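Have a look at it first, then read on.

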Amino acid sequence: MKVLKMAVIGLGKMGLHMIDQVENTPMDTPVEITAVCDANEQGLQDFAASHPSVKTYLTYQELLNEQQIDLVYIAVPPKYHYPVVMEVLKRRIHVFCEKPLANSLDEARRMVEAAEQAGVVHAVHFSMPHEPAVLKLQEMVNQHAVGDIRKMDLILQFPQWPRSWQQNDWIMSRDQGGFILEVGIHWIHMIQTVFGRLSLLNAQVTYPDDKPDSCEQEVQAVLEVQDGTRVHVQGISHFAGEERVSMVVYGTEGTIALENWEELLSGPIGQPLSPVEVLDSSSELPVLKHVIARIQGKPGRIYTFHDGYEAQQVLEALRGSH
């Protein structure tokens, strides 16, 4: 069986996580991490010490010029997605990119056009719709388990931002960081996948007055699904309390809550919420398996650059509201 040769550009948390998936997840097709790239020389040396058979590069151009690659996974900060992706597409290599797709709507549009012209598999790493709790949520919505949907609340609450395990320069910047971009984009895409296309009705995003380059601290917004259902967004960072990243779906006959990413609760009107059984065996993760299946011409559920562009439209509308 042919081995699929894969390169990883960006050895931050997500890049290393993807390499760990390749090394420890059974795949239908053998996958080999052939080369990696990162601008951090010390980090690259540390990786090389534990992976002596993998070629390492400080620049992605050099990697792409020297290596014959089937698939490139891109896990660099958002503002670098565009130049790296465009260079990969010039060579007609399949591409798997971290979210958000780009750092602006114009970049995202150009990336969609380039990917379609290249005729390769192109995917964004949107994982939420593959999670067991979200698959169960979608099943319940399709079965009208709580009747017709009246409204939804999306709650994004972070006592500190960035979180303790996210300490880097870009994730707190106004240009390419903040919880709307880093976390909100997952929920925007998931809501559009489960409920339909979103549009922004109104929003107010608050930034710190004394730090002109810092990301948002609060967001209040109202989005609307194409069927008219309202989604109320409430986000805040820097407060005393617990982190909460959740969505509550109010129906005419009951309520569904997806609490802190993966805890699914439901109940009829007038009754308390109780846990909904979610089978881990229903998981469709990792997304990489679906990308590889599509490369081989097999069925696989991926979210293309077009899906990334549609999510970016909502993201940029929110980020522009201040």
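Which residues line the largest cavity? Leu154, Leu156, Ile180, Gly184, Ile188, Ile191, Leu198, Val219, Leu223, Val231, Val233 and Leu318 do. Bear in mind that this is a predicted model, where local features need pLDDT of at least 70, side-chain atom pairs count only at pLDDT 80 or more, and totals for chains, interfaces and linings use all residues. Residues are numbered from 1 along each chain as its sequence is written, and side-chain values use heavy atoms, with hydrogens and water left out.

**Cavity**
- (On a 1 Å grid over the protein atoms alone, a cavity is a set of points where a 1.4 Å probe fits but cannot get out; lining residues have an atom within 4 Å of a point.)
- H7 gives the most to this cavity's lining, with four residues.
- The lining splits into eleven nonpolar, one polar and no charged (Ala, Val, Leu, Ile, Met, Phe, Trp, Tyr, Cys and Pro count as nonpolar, Asp, Glu, Lys and Arg as charged, the others, Gly among them, as polar).

- The largest pocket has a volume of about 1300 Å³. (A pocket is an open set with protein on both sides within 12 Å along at least five of seven lines.)
- Of its 45 lining residues, Lys13, Met14, Glu98, Lys99 and Glu182 are the closest to its centre.
- This pocket's lining holds 23 nonpolar, 14 polar and eight charged residues.

Terms used
Points joined across faces, edges and corners; volume = space filled by probe spheres on them. Helix = DSSP H or I, 4+ residues; strand = E, 2+ residues; numbered from the N terminus.
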